[in-house]
Amino acid sequence: MKKIVSLFLCLVLISTFFAGCSKTSNELTEENITATVEEAVNALKEFDTKALRKYVESPMLQIIVGYAEKKQQFADLGKAMFADLSLEVESIDIENKTVTVTAYNKDLSDIATIFAASLRSEYGTFQLLQKLSDDEFLDEKLAELTTNISAARMQEEKTTITLGIRQDNENLVVCFDEDDENTVSGGALNAIKSIYSK
């Protein structure tokens with residue numbers, strides 16, 4: 001009986017240890033902020049929509065996540081876009097709830113410009129919105145874009161950005177503004193915006 005109780009207690013201690021190691025909390029500590037940045041990067045690379053909703057606050061990204069939850073083509077696009085992203089923590093300011101990171105990704109500005117210009121020349125905005133539910137269209141167009149992203153070169157230089165940190169109920173959240181979104185997307189978001197703002 002003592003052996004069974006001892007074994008049970010060992011299992012409980014081991015499971016508690018691993019649960020503690022793999023989970024972040026909403027406490028503002030350097031360790032937690034660093035772990036949350038790592039969670040955010042992993043979520044972006046895998047384009048894990050559940051983890052993205054948990055660890056990342058980004059207006060543009062949330063729109064893409066919404067589509068990715070319904071259409072696998074958008075999830076595949078997200079994976080391709082962030083597959084080579086790295087965010088290295090440089091400094092943490094707990095008082096101001098910020099983390100400064102060095103961001104590095106593929107240079108996607110030219111690819112995004114060509115892609116957006118091609119779509120704009122073929123479809124009006126309303127037509128394009130209707131096409132977002134057309135699997136044949138998405139298979140063709142997004143597969144082409146994903147292939148081009150995979151072949152893109154890495155950026156020549158790393159960029160330093162400062163991200164906000166927000167305390168949620170159970171964990172910390174990394175907050176991206178429009179400039180940050182553009183940086184981590186390898187310039188793709190500003191390239192697309194510039195085509196559609198003309």
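Against which helices do the buried residues of α8 pack? They pack against α5, α6 (109-122) and α7 (125-131), and the legends below begin with that helix. The model is predicted, so local features need pLDDT of at least 70 and side-chain atom pairs count only at pLDDT 80 or more, while totals for chains, interfaces and linings use all residues. Residues are numbered from 1 along each chain as its sequence is written, and side-chain values use heavy atoms, with hydrogens and water left out.

View 1. Helix α8 covers residues 135-151, where helices (H or I, at least four residues) and strands (E, at least two) are DSSP runs numbered from the N terminus. Its 17 residues reach 24 Å from the first C-alpha to the last, close to the 24 Å expected at 1.5 Å a residue, the expected span being 1.5 Å times one less than the number of residues. F137, L138, K141, L142, L145, T146 and I149 are the buried residues of α8 (under 20% relative accessible area, with exposed over 50% and partly exposed in between, for a 1.4 Å probe and protein chains only). Seen down the axis of α8, these buried residues fall within an arc of 135 degrees, so they line one face of the helix; the arc is that of the directions from the helix axis to the C-beta atoms. The face turned away from the buried side of α8 carries the exposed residues E136, T147 and A151.

**View 2. The buried residues of helix α4.** In α4 (59-68), the residues L61, V65, G66 and A68 are buried. Seen down the axis of α4, they fall within an arc of 160 degrees, so they line one face of the helix. These buried residues pack against α2 (30-46), α3 (49-55), β1 (56-57), α5 and α9, with contact meaning heavy atoms within 4.5 Å.

**View 3. The largest pocket.** The largest pocket has a volume of about 870 Å³. Of the 32 residues that line the pocket, M60, F74, L128, L132 and I192 are the closest to its centre. A pocket is, on a 1 Å grid over the protein atoms alone, an open set of points with protein on both sides within 12 Å along at least five of seven lines, a cavity is a set where a 1.4 Å probe fits but cannot get out, and lining residues have an atom within 4 Å of a point. Helix α8 gives the most to the lining of the largest pocket, with six residues.

Notes:
Grid points are joined across faces, edges and corners, and a volume is the space filled by probe spheres set on the points.
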